[in-house]
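Here is a short report on one protein chain. Keep the sequence and the model open as you read.

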Amino acid sequence: MFLSLFPMASWLKSYNRIQFGQDATAALIVTMLLIPQSLAYALVAGVPPEVGLYSSILPLIVYAIFGTSSSLSVGPVAVASLMTASSLANIAEQGSASYLTGAITLALLSGLLLIAMGFMKLGKITNFLSHPVISGFISASGIIIAVSQLKHIFGIKAHGDNLATQIISMSENILDLHMPTLIMGLSVLAFLLLAKRYAKAFFLLLTFPEKYAAPLAKTAPIIGVFASILVVYFFDLGSHGVAITGAIPAGLPHFSLSIPSLSLIQELMLPALMISIIGYVESISVGKTLGAKRGEKVKPNQELIGLGAANLASGVSGGFPVTGGFSRSVVNFDAGAVTQMAGVMTAFGILIASLFLTPVLFFLPKATLAATIIVAVSGLIDFSILKKTWCFSRNDFYAAFSTIAITLLLGVEIGVASGVILSIMLHLSQSSEPHIAEVGLIEGTEHFRNIQRHDVKTLLHLLSLRLDESMFFANSAFLEETILNMIQNRAEIEHIIIQCNSISEIDFSALEMLESLNRQLLDKGIKLSLSEVKGPVMDQLKASDFMTHLSGKVYLSHYQAFEALS
């Protein structure tokens, strides 16, 4: 039990020189990607740029100790950064000490919540969030993030936590457009878009091995960063109105654990929970996807603990909420990382940057960071889910579309809360009216199929039903009503058999419904029987007095019941 909390122990004892070389190569490439990303996502979260670097050091090391994915790279990500800014918008002003305190508090609360969920074995919490809803929320968040960065590209002031307020605010200030900033921002944006499409082919032309060409192509942002720094420095664009990052304190993060006020905890508890859930969903999705390619098992409950510990580490070192990032995890995987030692080495790479590169970053234009963010989040925006769900499931389409619309119009906090509520409502909606089929025997076999889909044998005095869902409070009334409706105007029915092979659980409400149904059927001279009842469900029924009142019998197989009652 103790060793299972520290997955690092299992791979560290067999760690060798070859793995070290592979991890070191991956760490070098990911570090080049993570430096501009960390600075950029700090801009999204509304915290000083050095905080983005701090959030990429200790969390990587701590996740390496507690995490189960060999490829996941933890740090600041777009959606969590946006949710951080949205959560703190009405609590403190960006740039103030209280705002940074709020961001640190969010990281600490998220860490505690994730660890608590891990010990309570709530790793399957993702099952309650439908993919269309999550996809819709992430796409809408990507749009909000991209639009929020246009003010830095245009060199104007703007504000707003949803699409409408952002557009209105920018339109009011568009006449203040700063042309040198616009040229800088569009130039970097064009370079990054071209690099995204052609950089891999360029590295292949330079005879780089394909396994390195793809991850190296992802490091284009670092080229954009240093190229724009040189342009600003040599042409003195800072004195011509181009907004630059300015002085970034060099050195290590300050490790401290200050207890936030109770009122601040109360205000941030719900946002922290939302950030935790969305961050975990993103992280576990990436971890499982990459793990499947290597036949690696990612343990959901341990991932909650690993991600929670990483957020605690971020809070202690003065950072904001972190999670597993898709883009850099893929780069880490493609670059050949085989263990989390790559994450540890990446952390040391960021640490070196924090110590020695911050004077160079003084001249980094904010338009470059904005362009980096816009290109990064463009991969989050995927409206194909609307087309797919429209064709496959209208309920899923309405849920995805509603989440996108609510997030864009009302903001991230309301959007994610609505997404969670919609997911639960969608699940209950689908479960509350389960499919009930009248089945008949396919002659010459012992198989039963839907009478509306197959040519089957039925008997007038026998109604044979199959329930395709567990029985619980949300669907018990629907099941009772449906069965009673099916026997109306069918006076010849003497027996009803319910095939229970799809029923995995019966709660107390469903048990009461069965007892009521049994009595009503008996009053009409109809006996109720069950078939193919699963062991755990049978144990539940035997624990009650239902079996003593059941008018019919419980049969091992549906064919046996059909034959016995023929």
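Arg466 counts as buried, with a relative accessibility of 17%. The cut-off for buried is under 20%, so Arg466 at 17% falls inside it. This is a predicted model.

Arg466 forms a salt bridge with Asp468. The closest N and O atoms of the two are 2.8 Å apart. Asp468 counts as partly exposed, at 29% relative accessibility.

## The other salt bridges

The count for the model comes to 3 salt bridges. Another joins the side chains of Lys200 and Glu210, at 3.5 Å from N to O. Lys200 lies in helix α10 and Glu210 in helix α11 (residues 210-217), so this pair ties together parts that are 10 residues apart in sequence. Lys200 is partly exposed, with a relative accessible area of 34%. Glu210 counts as exposed, at 53% relative accessibility.

Arg490 and Glu438 also meet through their side chains in a salt bridge, at 3.3 Å from N to O. Arg490 lies in the loop between α21 (476-486) and β6 (495-499), and Glu438 lies in strand β3 (residues 436-441), so the pair ties together parts that are 52 residues apart in sequence. Arg490 is partly exposed, with a relative accessible area of 25%. Glu438 counts as buried, at 15% relative accessibility.

## An enclosed helix

How many residues of helix α5 (residues 78-88) are buried? The count is 11 of the 11, so the helix is largely enclosed by the rest of the structure. The buried residues of α5 include Ala78, Val79, Leu82, Met83 and Leu88.

What covers the buried residues of α5? The cover includes α2 (17-45), α6 (97-119) and α7. It also includes α13 (262-294), α17 (366-378) and α20 (412-432).

## Ser141 in helix α7

Ser141 is found in helix α7 (residues 131-148). Is Ser141 buried or exposed? Ser141 counts as buried, at 0% relative accessibility. Leaving aside residues up to four places away in sequence, Ser141 touches Val79, Leu82 and Thr407.

## A nonpolar patch on the surface

Now to the outside. Ile174, Leu175, Leu177, Met179 and Ile183 form a nonpolar patch on the surface. Together they have about 500 Å² of accessible area. Ile183 is found in helix α10 (residues 179-205). Helix α10 also holds Lys200, of the Lys200 and Glu210 pair.

## The chain as a whole

The chain has 25 helices and 8 strands. Along its principal axes, the C-alpha trace spans about 95 × 60 × 55 Å. Of the 566 residues, 54% are buried. Take the contacts between residues at least 6 apart in sequence: 81% of them join residues at least 24 apart.

The chain exposes about 26,000 Å². Carbon and sulfur atoms supply 64% of that area. The chain carries 32 positive and 36 negative charges. The mean positions of the two sets are 10 Å apart.

Key:
Residues numbered from 1 in each chain as written. Predicted model: local features only at pLDDT ≥ 70, side-chain atom pairs only at ≥ 80, totals over all residues. Heavy atoms only, no water. Helix = DSSP H or I, 4+ residues; strand = E, 2+ residues; numbered from the N terminus. Buried < 20%, exposed > 50% of the residue type's maximum accessible area, 1.4 Å probe, protein only. Contact = heavy atoms within 4.5 Å. Areas by Shrake-Rupley, 256 points an atom, 1.4 Å probe, with all protein chains shown as cover. Lys, Arg positive; Asp, Glu negative; His and termini not counted. Charge placed at Lys NZ, Arg CZ, Asp CG, Glu CD. Patch = residues over 30% accessible without salt bridge, like charges linked within 9 Å, V, L, I, M, F, W, Y side chains within 5 Å. Salt bridge = Lys/Arg side-chain N within 4 Å of Asp/Glu carboxyl O.
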